[in-house]
Amino acid sequence: MRISAPGKAVIGASLGTLLLTGVSAASAQAAPAHYSLTAAQVSNVRTVHADTAAAASCRINTINITRTSMCLYVDARVDVLRNGRPVGSATFDIKHSMTLKTDKLKWAESFTVGKARLVNAGGIRVNVSVGGGKGVKTAVKFPQGSTLGPARKGTVGYAARVAKKKQLASPASYRFTFTKPGYSTGGFTYKSAKYRCDDTFWGPKKRTKNPGCVFPGASPVFSLSRGDAKVKESAQHILDAQTRIAGHPGASTPLHRITNEKTINANRKAMCGNVPNPDPTKYDCDEYPFAASKEGGNPARGSTRIISAGDNRSAGARLGGFYKSQRVLNGDAYYVHIQ
């Protein structure tokens, strides 16, 4: 017997390539009929980023992600072949829902292999395995070996291990294998959106936030309100700066966090070092973009304003809390929204 060339089904760059193999028979005599399962191509899958506060919604052939949730929804097809010619098919969809925790290294996913439309394709059984990447253990619960036809539900439990002040990043890898007595085995693989887990929020002696995980591809949004008396001056300055500076940094284009204190201090000095302050005990020089952003420190593309010290420091404390709550690490993109 010989191994036939793999059939391929592409689900877009973010999902990788579906691979399905079949076995054929050959001999010097007239070859007997051989039977195999193979996959047809499915549509390309695109990634959609939703608002960080919303749950990721599902649309067919998309990966929808927020900072902490993912919905992956794809269509799939298995063909039944006799001597390389289609004689039947099973078409169905697969839907995943994953929710991360920003303060935990364990999380869960549910998935459903949808009701299949069968045409001369009875008796095809499905098995599912899931890999979590280096440093992540997985536990799959699914009615393995069940037949395509009725919808089948499953879950995946994830548990990550990450060292102090370190991070790991990986997508989940899904493997679906299809069998039928007397037929060659086939299967396909694809990947989830990449998640990231870290234990990087530490002070001089202890953690300032427990380790946790996010989808780094979804940029979170930092919000301030001009109607909030504690930060109204900071909010107004940011809105004015976003409007005035070409490219509207933080609004139309994201800011990117930096954590190097020397660079942050240098950015602040470049913006505020020569700005007159009538009373440093009452007022601060406020700069935008923030000194702790890659976009900060450039007077030609920045703004400064003298505002009350209390307002400035309240806004700064909220920005620091936002970095923690959304696990915004060095280099991460984020937006700034002013109400």
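Two strands are taken to pair if DSSP finds at least two bridges between them, the strands themselves being DSSP runs (E, at least two residues; helices are H or I, at least four) numbered from the N terminus. The structure is a predicted model, in which local features need pLDDT of at least 70 and side-chain atom pairs count only at pLDDT 80 or more, while totals for chains, interfaces and linings use all residues. Residues are numbered from 1 along each chain as its sequence is written, and side-chain values use heavy atoms, with hydrogens and water left out.

Elsewhere, five strands form an open sheet with antiparallel pairing in the order β14-β12-β16-β17-β18. Its edges are β14 (146-147) and β18 (212-214), each of which pairs on one side only. Two bridges connect β14 to the antiparallel β12 (residues 125-131), with V126 opposite S146.

Turning to the rings, 17 aromatic pairs are found in the whole structure (Phe, Tyr and six-membered Trp rings with centres within 6.5 Å; planes under 30 degrees apart are stacked, over 60 edge-to-face, the rest tilted). Y288 and F290 form an edge-to-face pair, at 5.2 Å between centres and 85 degrees between planes. Ring pairs also link F92, Y174, F176, F178, F188 and Y190 into a cluster.
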